[in-house]
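Q: I would like to learn how to read a model of this kind, one feature at a time. Please give me the general idea first and then the case at hand.

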Amino acid sequence: MFIDQARLFVKAGNGGAGSRSFRREKFVPEGGPDGGDGGRGGHVSFVASNRVSTLLDFRYQRHYEAKSGESGHGSHRHGANGTDVMLPLPIGTIIKDEQTGEILADLISEGQTAIVAHGGKGGRGNSHFATSTNRAPRKYEEGIPGEERWLILELKLLADVGLVGFPNAGKSTLISTISAAHPEIASYPFTTLRPHLGVVEWAEHESFVVADIPGLIEGAHDGKGLGIQFLRHIQRTAFLLYLIDVSEWTQDDPIETFHTLQTELQAFDPALLERQFAIAGTKIDAQGEGQHLTTLQEFCAKQAYQFFPISSATTQGIPELMRFLGQTVKEAKTSCANNS
Ligand SMILES: Nc1nc2c(ncn2[C@@H]2O[C@H](COP(=O)(O)OP(=O)(O)OP(=O)(O)O)[C@@H](O)[C@H]2O)c(=O)[nH]1
Ligand SMILES: [Mg+2]
């Protein structure tokens, strides 16, 4: 199961109390104060790791607490710091404070860490409070309580290619044909309710990741259908593939469909329209007289858009499309690596 959101509570450890202690030595009747400071409470932090790929763990355990710092000791000895809690998260997770909505961290690279609840500082021991008029202070400080808060974790899929299309366009069928992902497929709209990722091996040791997301309809940006919130999953993809049904069963004009899809993407994030893309005409095994296919093909030729007629049912056109996507993603990644 792919979990893309989680809510959890974190509490850092409290600081340990400072110590109230006096030096006791034989023949020294009034030994000075020697109470050490309390230890710091443990922090709660996250680390981005490519060994985890979902937020599933946070469905089962929602409370994470770090240990408190130890109290200080006599002879100026510092109490031990509380042990930190370090939780691994998939790369691509955004951490938000639930109450304020503030983004605390955006984990984008392996090993990146973020402290989300700071351990409380330890209190000072009585040795700090000696003055010329008070050589035997009884005063010491308690530790500061550790921070605590509710967090929202959001995993933005780090897919290379995002599939965009009307409901029923054949997005889930395509991803299940080209990868090991098995999202539900059905002839009714909005079968897919949450994003799915599939890894496509297009050549030996060469792969890219595709995201299948719920279908878009006209007015999605006003909340129609499933809305457009899930488009955040394709915000970071290098490439978009528009899937447009050209079977004889569809009532929609393919060019209008393309424009509607672009309008909805733009309403969510205009940058999505600048993204490299190609258009696939789907279900060509059921093209009938082929009117929709011809219309779309001519439109793409005129606009100089990359166009691929495909059928997931017969796999016609799919190997060519996969090679094209694989190569394009690879080039995009190489130029990205060279620029950074
Ligand atoms: N003949 C034919 N039917 C197809 C092809 N691809 C998909 N279909 C059918 O089209 C219908 C919709 O397919 P899905 O893959 O569920 O469509 P989707 O785009 O994921 O739809 P939503 O999840 O609702 O957005 C199903 O009945 C599929 O069997 C194809 O290449 N040829
Ligand atoms: Mg689907």
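Q: How many helices and strands does the protein have, and how are they defined?
A: Helices (H or I, at least four residues) and strands (E, at least two) are DSSP runs, numbered from the N terminus; on that basis the protein has five helices and 14 strands. This is a predicted model, in which local features need pLDDT of at least 70 and side-chain atom pairs count only at pLDDT 80 or more, whereas totals for chains, interfaces and linings use all residues. Residues are numbered from 1 along each chain as its sequence is written, while chains are lettered from A and ligands numbered from 1 in the order in which they are written.

Q: What does the radius of gyration say about the protein?
A: The radius of gyration is taken over C-alpha atoms, and the globule rule is 2.2 Å times the number of residues to the power 0.38. For a compact globule of 340 residues the value would be near 20 Å, but the protein has 29 Å. Along its principal axes the C-alpha trace spans about 110 × 40 × 30 Å.

Q: Which domains are assigned, and how far apart do their C-alpha centres lie?
A: Domain bounds come from an automatic or database domain assignment, which here gives domain 1 (1-155) and domain 2 (161-339). The C-alpha centres of domain 1 and domain 2 lie 47 Å apart.

Q: In what order do the three strands of the open sheet lie?
A: Two strands pair if DSSP finds at least two bridges between them. The three strands follow the order β4-β2-β7 with mixed pairing; because β4 (85-89) and β7 (113-117) each have a single partner strand, they stand at the edges, and one side of each is left without a neighbour in the sheet. Neighbouring strands of this sheet are turned by 30° against each other on average, direction ignored (axes are lines fitted to C-alpha atoms, for helices over the stretch in contact, and angles run from 0 to 180 degrees between N-to-C directions). Strand β2 (residues 44-48) runs parallel to β4, joined by five bridges, and V44 has V85 in β4 as its bridge partner.

Q: Which strands lie at the edges of the five-stranded open sheet?
A: That sheet has the order β3-β1-β8-β5-β6 and mixed pairing, and its edge strands, β3 (63-65) and β6 (103-107), each pair on one side only. The twist from one strand to the next averages 25°. Three bridges pair β1 (residues 5-11) with β3 in the parallel sense, and K11 stands opposite E65 in β3.

Q: Which residues are closest to ligand 1?
A: A residue is near a molecule or strand if its C-beta atom, placed from the backbone, lies within 6 Å of it. Ligand 1 is surrounded by 24 residues, of which G170, S172, T173, T192 and G215 are the closest. Helix α2 (residues 171-178) gives the largest share of this shell, three residues.

Q: Is F190 buried, exposed or partly exposed, and what is its phi?
A: A residue is buried if 20 or more other C-beta atoms lie within 10 Å of its own, exposed if 12 or fewer, and partly exposed in between, with C-beta atoms placed from the backbone. F190 is partly exposed, because 13 other C-beta atoms lie within 10 Å; its phi is near 60°, a positive value in a residue other than glycine. F190 sits in the loop between α2 and β10 (196-203).
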